[in-house]
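Visitor: Please take one part of this model and go through it closely. Include the cut-offs behind each term.

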Amino acid sequence: HALLSSILQSQVLAMDETPIKAGRQAKGQLQTGYFWPLYGDQHEIVFPFAPTRAERVVRDVLGSFCGVLLTDGYKVYDRFVRSMVDIVHAQCWTHTRRQFIDAQMVEPGLVAQALEQIGALYAVEARMREQQLSGDAKLRHRRAQAQPLAEQFFAWLERTLREEVLLPSNPFRQAAHYALDRRAALSVFLAGPTVPLD
């Protein structure tokens with residue numbers, strides 16, 4: 001409880017959910033439960049458990065949290081944040097990247113271009129770490145270096161979807177829509193120097 005209390009005071013809090021078998025459902029069968037790891041800005045981590053993956057767990061665990069909530073694209077986080085006033089929703093670039101990796105077998109050329117552009121954002125972050133930038137200096141560097149790359153990436157996705165003939169079931173098309181649908185949340189890091197890419 002003390003650890004969770006500390007994490008909930010973070011300016012930026014990362015949250016995820018992962019399944020685990022826990023408790024007997026029937027003879028020889030375990031039912032699925034979920035750990036909901038929370039990672040705070042002082043590098044604390046706590047693993048609340050719940051028997052469900054429902055939105056109410058997010059609401060119960062986060063309580064009165066105010067700040068930036070960094071998550072993957074699971075829809076319950078977005079629904080929760082929409083109902084709150086003092087929470088900004090940021091989403092994870094690693095999960096976005098994974099969507100494109102899953103499309104590699106079908107569209108290797110397009111995926112290579114997408115991964116190169118996402119990789120350029122990570123290279124900007126790596127240079128900032130090497131230069132030990134923080135606060136306003138980090139924010140200025142992100143706006144000068146990362147923002148044009150992010151805008152170029154989203155524009156390229158939109159152009160590719162217009163110009164390429166891709167069936168709705170095409171995994172690259174799905175990955176592109178995943179990223180474009182989350183553009184605002186994926187761009188939150190550009191406005192906050194303490195918000196990580198993932």
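Guide: I45 is found in strand β5, residues 45-46 (strands are DSSP E runs of at least two residues and helices H or I runs of at least four, numbered from the N terminus). The model is predicted, with local features needing pLDDT of at least 70 and side-chain atom pairs 80 or more, while totals for chains, interfaces and linings use all residues. Residues are numbered from 1 along each chain as its sequence is written, and side-chain values use heavy atoms, without hydrogens or water.

I45 is partly exposed because its relative accessibility is 39% (buried is under 20%, exposed over 50%, partly exposed in between, with a 1.4 Å probe and protein chains only). Together with Y39 and F47, I45 makes a nonpolar surface patch of about 290 Å² (residues over 30% relative accessible area without a salt bridge; nonpolar side chains are joined within 5 Å, like charges within 9 Å; a salt bridge is a Lys or Arg side-chain nitrogen within 4 Å of an Asp or Glu carboxyl oxygen; areas are Shrake-Rupley, 1.4 Å probe).

Elsewhere, the whole structure holds twelve aromatic pairs (ring centres within 6.5 Å; planes under 30 degrees apart are stacked, over 60 edge-to-face, the rest tilted). W156 and F172 pair edge-to-face, at 6.0 Å between centres and 80° between planes. W156 is in helix α6 (residues 135-163) and F172 in helix α7 (residues 171-181), so their pair ties together parts 16 residues apart in sequence. W156 is buried at 8% relative accessible area, and F172 is buried at 0%.
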